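Reader: Could you walk me through this structure, one question at a time?

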Amino acid sequence: MRTTIGWRAAGPTALRRTSLERRDLRPDDIAVQVDYCGVCHTDLHALYAYDQQTKAPLVPGHEFTGVVAGTGGEVTTFSVGDRVAVGNIVDSCGVCAMCEAGQENFCHSFPTLTYGGTDRQDGSTTLGGYSREYVVRDTFAYPLPSGLAPAAAAPLMCAGVTVWEPLRSLGVRPGSRVAVAGLGGLGHLAVKMAVALGATTTVISRTQDKRDDARKLGAHDLIASTDNQQMATARDSFDVVIDTISAPHDLAPYLKLVAMDGTLSLLGYLGPVTVEAMDLLIGRKKLSSAGSGGRLATAEMLQFCADNRIAADIEVLPSSQVDTALDRLRRNDVRYRFVLDMSDLD
């Protein structure tokens, strides 16, 4: 086994620094020295749900960048010292219809998650990127393009690909009209990508307070969702509405903004929702969702971001301040993504 240092859950609101074991390299594995790891809302949810009585440890972190520190004997695509990025999926069955279509994120037997997942060979629980080293199959690691700074690129591996998937699958292109509801970790990247794809892009926020931020990100306008007149004026205006709001909310006002044959894509809140069929019927509107991305889409997203100079707006903290980052994230006190610098684990 390989030994490294990382941050393990010590309860729903705290982590402790501890020694961790990684598997010895299999023929198709690489070892990644983790330099930067993003802090995701999923990490918060996992910590809240964690049962300390379970035998399986919890080490969060599923969007990280670093350099290759070792390679298995059959690895030909990476060499020691290469810059790499890893997201929230580290394996899949590889043979189902979804995997064969390049949508490993929808694997019929469920993809192996970067943390809290079950290794498909030895049955162990995967431990995440809040650590100094991670061992991963080479096909689920991605070369980090030279145009991307590693710290700001880390959130692209979860938040970035999550918004990229619907933007691409729904055909956003020059002339498209896109609205992004919620301007947080997901939303600010959705704005940047939609603008770079050539879409006329509008932010939907509760108030006008984020108008300047929206403009700086490239948005063309901002609509206050609490302003009934603005919402009424924008009815049937958008081909795609990307909904990144993480809390339960009424979908009806956002469906009214969708143009005929357009789509509302839910990315933030993935729990039960209630929809009136008439809100879909009038205008032949569609309701969809998305999450993460397959290997082809992830690689495409990274190159697109490098070509268009897109990266997350981040605040970098040493990993020793992980509890501070999580506490501030709970209070939405970040613009727009925390990234942990893991070098203090040396």
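Reader: Thanks! Is Trp164 buried or exposed?

Author: Happy to start there. Buried means under 20% relative accessible area, exposed over 50% and partly exposed in between, using a 1.4 Å probe and protein chains only. Trp164 has 1% relative accessibility, so this residue counts as buried.

Reader: What should I know about the model itself?

Author: The model is predicted, so local features need pLDDT of at least 70 and side-chain atom pairs count only at pLDDT 80 or more, while totals for chains, interfaces and linings use all residues. Residues are numbered from 1 along each chain as its sequence is written, and side-chain values use heavy atoms, with hydrogens and water left out.

Reader: How are the rings of Trp164 and Phe304 arranged: stacked, edge-to-face or tilted?

Author: Rings of Phe, Tyr and Trp (its six-membered ring) pair if their centres lie within 6.5 Å; planes under 30 degrees apart are stacked, over 60 edge-to-face, and the rest tilted. The structure holds two aromatic pairs. In the other one, Phe64 and Tyr134 are 5.2 Å apart centre to centre with 50° between the planes. For Trp164 and Phe304 the centres are 4.6 Å apart and the planes at 40°, so this pair is tilted.

Reader: How far apart in sequence are the parts that the pair of Trp164 and Phe304 ties together?

Author: Helices (H or I, at least four residues) and strands (E, at least two) are DSSP runs, numbered from the N terminus. Trp164 belongs to helix α4 (residues 159–169) and Phe304 to helix α10 (residues 295–307), so the pair ties together parts that are apart in sequence by 140 residues.

Reader: And is Phe304 buried or exposed?

Author: The value to look at is the relative accessible area of Phe304, which is 15%. By the cut-off of under 20%, Phe304 is buried.

Reader: Over which ring does the charged end of Arg295 sit?

Author: A charge sits over a ring if NZ of Lys or CZ of Arg is within 6 Å of the ring centre and within 35 degrees of the ring normal. The charged end of Arg295 is 5.6 Å from the centre of the ring in question, and that ring belongs to Phe140.

Reader: How compact is the protein chain?

Author: The chain has eleven helices and 17 strands. Its radius of gyration, taken over C-alpha atoms, is compared with the globule rule, 2.2 Å times the number of residues to the power 0.38. The rule gives 20 Å for 346 residues, and the chain is close to that, so it is as compact as a globular protein of that length, with a radius of gyration of 20 Å.
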